[in-house]
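Please keep the sequence and the coordinates open while reading.

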Amino acid sequence: MALELKSTINLPKTEFPMKANLPQNEPKLLARWEQMGIYERIREARQAASTYVLHDGPPYANGPIHLGHALNKCLKDFIVKSKTMSGFDSPYVPGWDCHGLPIEIKVDQQLGGKKLQMKAVDVRLECRRYAQKYLDLQREQFKRIGVFGRFDRPYSTMTPQYESEVVRTLFTFLEKGFVYKGLRSVYWCICDKTALAEAEVEYENHTSPTVWVKYPLQSDPRSINPALAEARIHSGKPISTIIWTTTPWTLPASMAVAFHPSEAYVALEGDKEIYIVAEKLAKEVAEKSGFPDAKPIARFPGKALEHTLFYHPFLPWEQRKILGVLADYVTMDQGTGVVHTAPSHGADDFATGAKYKLDLTTNVDESGVIHNGLPEYESKRVFDANDPIVELLKNRGVLLHQEKLEHSYPHCWRCHNPIIFRATEQWFISMETPLDGGTLRSRTLEEIKKVKWDPAWGEERISNMIATRPDWCVSRQRIWGVPIAVFLCEGCGEPLNDANINRKIVELFARAGADAWFTPEADAVLPAGTKCEKCGATKFTKETDILDVWFESGSSFAAVLGHEPKLPFPADLYLEGGDQHRGWFHSSLLCAMGTRGTPPYRMVATNGWTLDEQGSAMSKSRGNDVDPVDIANRLGGEVVRLWVASVDFREDVVGSEQLMRRVAENYRKIRNTFRYILGNLYDFDPQRDAVPFEKLEDLDRYMLGKTAEMSTDVLRWYDEFAFHRIYQRINHFCVVELSAFYFDVLKDRLYTAAPRSAARRAAQTAIWRIGAALVRLLAPITSFTSEEVWQYLPAVPDRPASVHLAEFPKTADILDGALLIDDPKQREDWATLRVVREEVLKALEDARNSKLIGGSLEAQVKVIASDPVYSVLSRYQEQLRYLFIVSEVVIERGTSGNGTGGVTVQVGKAAGQKCERCWNYSTHVGDDPAYPMVCERCSAVLKQLGAEASSK
């Protein structure tokens, strides 16, 4: 009898495994997607839809992916897939940045001295092979974590098509008059021997020798102030000004001392000398420089010191005369209020030097070695020259004070070594070139306001950078990159700017790639008899500098967008890390503004940094990194994706092994939710068995309504890129709404009702609709598991072969065409019922702990409640025993009390005997002699099953 009864229970059946085995099963799904051409199938399915284009910012192809890559690429994948499932055609063309110094340095290390004997094209070939190796590796790693895209035809900055678009962008700037070549003091890396742009500079802590140095006055003090002149005459004391610098190595290049024109300066008379310093800093300078008791004897504005002359602290007068100049950048926050000016080693200094016609020559070579100096520092590298120059100052009696200063100092973003300013001839894009009624700077600032920035602070950040940045230095002194493909007149150095020749160069690059510039083929582009417009000479040489890699990547819109109908310009979205306001967002914006007069994007979103649990930036060198590929191979790519969804990407995010395992545990809860649904649908055919919404039971309609509400929230959050809210909402829905409530209550109906009964079919209809909604809502995030569930979920005709070809559920899908009507009465009723249920569950737990009952089905529950709770319980009395999972519920009206609807729960033993089939207790067990061991409910089911068996 027991065996026969067990066979009549509708126990869950599914081949959907409880254990995911993600590391083993995900590659099988990847192979399936590859075989079916999932990306192309999605494009076909959406070919008539409106487009939404997320343009990919290219990662650098010089190593395996790290957690920051995974964060960024998964976010992009969430967006592209969610837009696709929202009905858009959202193509995604992944890209790679393949040129630049890090790759060239690695190749240099591999080639060693052999490089010196190699042609430029051969070195570039080795760089290309190196970049291609890591492009291929990263491509497979991105695919491993479930990212969809046009991976068979990505964009790469080293393809001929891309290189031709970069040089086309350069020529557009050139032909519009933005580009000039000139001597400027620019950031220079002495390790990598190249100029750097603002975006290639990072600030790190650095300890510098700080010195206070006197510059003796040579001019007549009467030209400055009468009181100062009187003091000089009566005391006979020499007059000096005092400068303060953290770069003693720049003192050999000192050409001037700068004063703020509108700040007050004072002359302090000490025991042996008179010193000119800023009034606001006088006390501090006097104390540090050894004359704390000096008295001010004269006061005058900084502008009084313009065109005065001073002696250099250690170079002879015949060799160097130091000019007094005025500059607004002189600050009063530290130092002396007097700035020594070396035009070849500072952007502000250079501008001042140009204004006052100072010597702009640099005596520091590309490796940072000083030339044409005194024996004490001749042929020393700049930072090595600090100590001997400080010693020289001591010996000359001009060093008044020295100390060490730890401060933020510019470093090379590639090699992380301190950098310098160095005056060299470079190519620039002018920010002040006229453009559409303004300048490149002013028009860009106007257009920034029309872009949506997420987070909103991105607008202010990039606006400040555009507003204050200098002209863009776009030239680099290396080999591996897109060359500045310009012919220079051998006679006068003037660049040749001919639109027809420029067009031929673009065509050459499109056909043969940028390597062609380093071959005689490029020379043939010049027509015979070409003359320099400036001097008339007919001989030209090719520029050997390459373009800044930020100019290259900033031209990506030109290479990718606008060439195909489904990849229009501008992009709807750019999404990268917060450092890209000075990088790719910045350079892309300037390239698009200069060439097209409009931004390349409608919206810019920014993700934070990946940190360890101590808040430190992740780094392989520090050993605190989390390898996403390793996590995928051990825990599953799905876990990496869920981790990305679990964090608010707009902030810096923490990643660790522990967090990944915590996410894996939440993943298991989501998977078990799907397994429960699938296990109870083994005999359910939606076409044959689905029950109309209006015929479902109250609880089923309520839960489908809750599902529709959840779906509305999730779809809104997909639109807002609030993936962490989706993760939290769905996790809560699965664990609290479904597993702990609905599924718990539903077991009795699903397991013990007749298989084809209206009650069971209603429950199956509801969980099928919930599952069909949930699998699609999760598909952009849990791409592997959603695809797996999709294959097991009972299908309707014409359902897409992949969940990724489907669209998000609509409310009508979930409610079978019914409208989600906000019924306050129903909502209040179920809120009340669930609150009472929680009270009942607590009382049952107490009864179990006191050994009054074993399982909850052994219990009879009495609920004493006043209105309005009593009225709600009365309306749903027939459902209460199932809702509370007990054998009997008695409700009793309590005193009206204070109107708060208080509830008292009493637990006792249920009357009757235990049904051997459903385990409920009933006083009617044994009433049916045909089935003496079961209750009246199960007796009716068994009779129905018997009748069905007899009719077959």
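Helices (H or I, at least four residues) and strands (E, at least two) are DSSP runs, numbered from the N terminus. The model is predicted, and local features need pLDDT of at least 70, side-chain atom pairs count only at pLDDT 80 or more, while totals for chains, interfaces and linings use all residues. Residues are numbered from 1 along each chain as its sequence is written, and side-chain values use heavy atoms, with hydrogens and water left out.

Proline 868 sits in the loop between strand E29 (859-865) and helix H29 (869-875). Proline 455 belongs to the loop between strand E19 (452-454) and helix H13 (457-468). In the loop between E15 and E16 is histidine 416, a residue other than glycine whose phi is positive, near 65 degrees. As background, most residues other than glycine have a negative phi, and most peptide bonds are trans.

Helix packing is next. Axes are lines fitted to C-alpha atoms, for helices over the stretch in contact, and angles run from 0 to 180 degrees between N-to-C directions. Angles under 35 degrees count as roughly parallel, over 145 as roughly antiparallel, 65 to 115 as roughly perpendicular and the rest as oblique. Contact means heavy atoms within 4.5 Å. For residue classes, Ala, Val, Leu, Ile, Met, Phe, Trp, Tyr, Cys and Pro count as nonpolar, Asp, Glu, Lys and Arg as charged, and the others, Gly among them, as polar.

Helix H4 (residues 67-85) packs on helix H20 (residues 637-646) at an angle of about 80 degrees, the axes being 9 Å apart. H4 and H20 are therefore roughly perpendicular. Residues in this contact include Leu71, Cys74 and Phe78 of H4 and Trp643 and Val644 of H20. The contact of H4 with H20 has 10 nonpolar, no polar and three charged residues.

Helix H25 (residues 758-778) takes part in two of the pairs described here. With helix H23 (residues 698-719), the axes come within 10 Å and cross at roughly 5 degrees, so H23 and H25 are roughly parallel. Among the residues that meet are Leu704, Met710 and Tyr718 in H23 and Ala766, Arg769 and Ile770 in H25. Their contact divides into 13 nonpolar, two polar and two charged residues. With helix H26 (residues 783-792), the axes of H25 come within 8 Å and cross at roughly 150 degrees, which makes H25 roughly antiparallel to H26. Val775, Arg776 and Leu778 of H25 touch Ser786, Val789 and Trp790 of H26. By class, these are four nonpolar, one polar and one charged.

On a 1 Å grid over the protein atoms alone, a pocket is an open set of points where a 1.4 Å probe fits, with protein on both sides within 12 Å along at least five of seven lines; lining residues have an atom within 4 Å of a point. The second largest pocket is lined by 33 residues, with Trp244, Thr246, Thr247, Val339 and Asp349 nearest its centre. Elements giving two or more residues to this lining include strand E7 (239-245) and helix H10 (347-355), while E15 gives the most, with five. The lining comprises 16 nonpolar, 14 polar and three charged residues.
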